[in-house]
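Please open the model in your viewer and keep the selection tool at hand. The tour below moves from one selection to the next and says what is found at each stop.

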Amino acid sequence: AASQAWVREAPASRPTSAAYLVLENTSAADLTVVSASTPAARVVELHEMREEDGKMRMRKVEKLVVPASGRIELKPGGLHVMLFELTGALEAGKTVPFTFTLADGSTLKVDAEVRAGGGMR
């Protein structure tokens with residue numbers, strides 16, 4: 001299940017944004033997210049922030065593993081979903097649909113609220 005999904009507001013002039021959410025797994029086996037998509041961006045990638053040589057660097061990851069009976073939080077400064085080549089402005093108060101694809105081929109659909117300033121609530 002997914003909750004607390006939100007996307008950082010972006011004017012039409014900005015080509016990128018990021019999405020954050022909490023993924024919970026109530027099953028007895030790990031769940032692996034292998035991709036995400038949204039009509040709001042042409043390219044969607046799973047990313048993480050990691051400290052390397054004293055600097056925070058963003059890098060693409062191939063998957064997100066949600067442990068059995070556990071959860072992971074995608075948040076600023078950590079794991080997140082990057083949106084590249086936005087198809088239009090992301091305006092605060094609107095919602096953006098996402099589809100997350102799991103390793104077993106199943107999908108999870110999530111609506112994320114667009115938030116100004118990108119703050120967690």
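The stops that follow take in a residue of a strand and then several salt bridges.

Bear in mind throughout that this is a predicted model.

Begin by selecting L46, which has its place in strand β4, the run of residues 41–52. With a relative accessible area of 3%, L46 counts as buried, because the cut-off for that class is under 20%. Now show what surrounds L46: leaving aside its neighbours within four places in sequence, L46 is in contact with residues including V33, V34, S35 and A36, the run from R59 to L64, and also H80 and V81. If you draw a distance between C-alpha atoms, L46 and V33 are separated by 9.0 Å, although they lie 13 residues apart along the chain.

Turn next to the charged side chains, where the structure holds 5 salt bridges. Select E52 together with R57, whose closest N and O atoms are 3.9 Å apart in a salt bridge; E52 is partly exposed at 31% relative accessibility, and R57 is partly exposed at 37%.

Move on to K94 and E91, whose side chains meet in a salt bridge at 3.5 Å, N to O. Here K94 is partly exposed, with a relative accessible area of 46%, and E91 is partly exposed, with 43%.

For the last pair, select E113 and R115, which form a salt bridge with the closest N and O atoms 3.5 Å apart. E113 is partly exposed at 25% relative accessible area, whereas R115 is buried at 11%.

Methods:
Residues numbered from 1 in each chain as written. Predicted model: local features only at pLDDT ≥ 70, side-chain atom pairs only at ≥ 80, totals over all residues. Heavy atoms only, no water. Helix = DSSP H or I, 4+ residues; strand = E, 2+ residues; numbered from the N terminus. Buried < 20%, exposed > 50% of the residue type's maximum accessible area, 1.4 Å probe, protein only. Contact = heavy atoms within 4.5 Å. Salt bridge = Lys/Arg side-chain N within 4 Å of Asp/Glu carboxyl O.
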